[in-house]
Amino acid sequence: MRAYDLVHRTTYDYAHPVTDSYGRTTLTPRDLPDQRVLATSLTIDPPPADTGEHVDWFGNTTTYFGVTRSHTRLVVTARSTLEVSRAAPDRASLPDVGWRAVARATTAGDLGVLHTDAAGVVALREAVLPSAHVTFVDEVREWAAASFVDERPLADVVTDLLHRIRTELTYRSGSTTVHTTQAQLLAQGAGVCQDFAHLMIAALRVHGVPARYASGYIETRPRPGRPKLRGADASHAWVSVWLPGHGWLDADPTNDQLVDDRYVVLGWGRDYHDVPPLRGVIFTEGGGATPRVEVDLVPAGSEPFV
């Protein structure tokens with residue numbers, strides 16, 4: 001088990017006064033069998049005139065706020081303490097059900113093959129549909145075809161996709177935007193974790209395999225002898241694939257590995273559109289502002305950057 005202190009701070013500095021700011025956050029980690037939230041808080045400066053929590057369709061906790069006093073700076077800070085006991089499964093321990101069998105069972109709603117109930121089938125069918133940032137295009141189908149061989153076990157398809165994304169594409173910060181498509185990603189050969197997650201989800205869904213987008217953090221570790229940079233962690237994204245007999249299998253294509261206790265889950269949805277850390281609107285005579293995001297995920301008892 002790992003115990004963590006987590007701080008996520010977003011700062012907006014505006015060139016002109018903002019009269020009203022309305023936002024919604026997804027910054028409260030989920031309570032899960034392998035992730036226990038011990039304490040969590042969210043502060044907004046200036047203090048909001050109105051705020052409230054909501055649990056969305058996917059079970060994520062979101063927080064609405066409305067700041068109605070004039071301001072030139074907005075700071076949203078989320079703090080949590082939690083314990084994570086998640087272990088990455090060995091490939092040998094995963095079921096050998098074929099990917100075609102999973103796709104057929106999802107289409108047919110076969111509860112026995114899928115190892116779920118009627119409500120679970122609804123969620124799985126939703127997880128094979130295109131969504132705002134996951135599209136079914138020929139470029140994705142053609143790229144993914146080499147991984148979806150005959151009746152290959154789905155677990156092997158997952159590990160193959162992880163490795164191919166890690167080795168065939170380059171991680172390059174700033175090379176994409178939230179609107180970058182999978183076709184554009186494949187054409188330029190570079191992106192970030194969000195793009196890699198969307199590509200893997202698209203590859204799975206276009207073949208009828210249920211997959212969802214997971215948002216959270218991964219603990220970064222400095223090289224031996226180097227201090228950990230404070231505030232330099234970042235939000236992370238990965239993929240969950242439905243593997244009958246195991247459940248949702250969490251896989252990180254950015255790092256070519258299955259998810260373990262170094263990861264903290266904020267929430268999940270169809271794609272990034274469902275679980276952005278922060279979204280909202282402002283009223284101002286000037287332009288908006290580029291947010292400055294600082295994240296620290298450290299062992300509990302350490303001193304976070306704020």
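This is a short walk through one predicted model, from the whole chain down to single residues.

First, some ground rules. Residues are numbered from 1 along each chain as its sequence is written, and side-chain values use heavy atoms, with hydrogens and water left out. Since the model is predicted, local features need pLDDT of at least 70 and side-chain atom pairs count only at pLDDT 80 or more, while totals for chains, interfaces and linings use all residues.

The whole chain, then. It holds seven helices and 14 strands. Helices (H or I, at least four residues) and strands (E, at least two) are DSSP runs, numbered from the N terminus. The radius of gyration is 20 Å, close to the 19 Å that the globule rule gives for 306 residues, so the chain is as compact as a globular protein of that length. That radius is taken over C-alpha atoms, and the rule is 2.2 Å times the number of residues to the power 0.38. Along its principal axes, the C-alpha trace spans about 60 × 40 × 40 Å. Buried residues make up 49% of the 306. Buried means under 20% relative accessible area, exposed over 50%, partly exposed in between (1.4 Å probe, protein chains only). Take the contacts with a separation of 6 or more: 74% of them join residues 24 or more positions apart. Contact means heavy atoms within 4.5 Å.

Now the sheet. Five strands form an open sheet in the order E11-E10-E9-E8-E12, with antiparallel pairing. Strands E11 (257-258) and E12 (263-269) are the edges, each pairing on one side only. Two strands pair if DSSP finds at least two bridges between them. E9 (residues 235-243) and E10 (residues 247-252) have five bridges. In that pair, Leu-243 stands opposite Gly-247 in E10.

Which helices pack here? Helix H5 (residues 154-168) lies across E9, E10 and E11, at about 155 degrees to E9. Helix H7 (residues 193-205) touches strand E8 (211-218), E9 and E10, and its direction makes about 15 degrees with that of E9. Axes are lines fitted to C-alpha atoms, for helices over the stretch in contact, and angles run from 0 to 180 degrees between N-to-C directions.

On to the core. A nonpolar core is a set of buried Ala, Val, Leu, Ile, Met, Phe, Trp, Tyr and Cys residues joined through side-chain atoms within 4.5 Å. The largest one has 38 residues, and among those touching the most other members are Phe-148, Leu-154 and Val-239. Which element gives the largest share of this core? H7 does, with nine residues. Leu-154 touches, among others, Trp-99, Leu-204 and Trp-242, leaving aside residues up to four places away in sequence. Another core, of 20 residues, lies apart from the largest one; Leu-6 and Leu-297 are among its members.

Next, helix H3 (residues 118-126). Gly-120, Val-121 and Leu-124 are buried there. They cover an arc of only 100 degrees around the axis, which puts them on the same side of H3. The arc is that of the directions from the helix axis to the C-beta atoms. Facing away from that buried side are the exposed residues Ala-118 and Ala-119. The buried residues of H3 pack against H1, helix H2 (111-114), E9 and E10.

Last, Tyr-171, in strand E6 (residues 170-171). Is Tyr-171 buried or partly exposed? Tyr-171 is partly exposed, with a relative accessible area of 48%. Its contacts beyond four places in sequence include Cys-193, Phe-196 and Thr-254.
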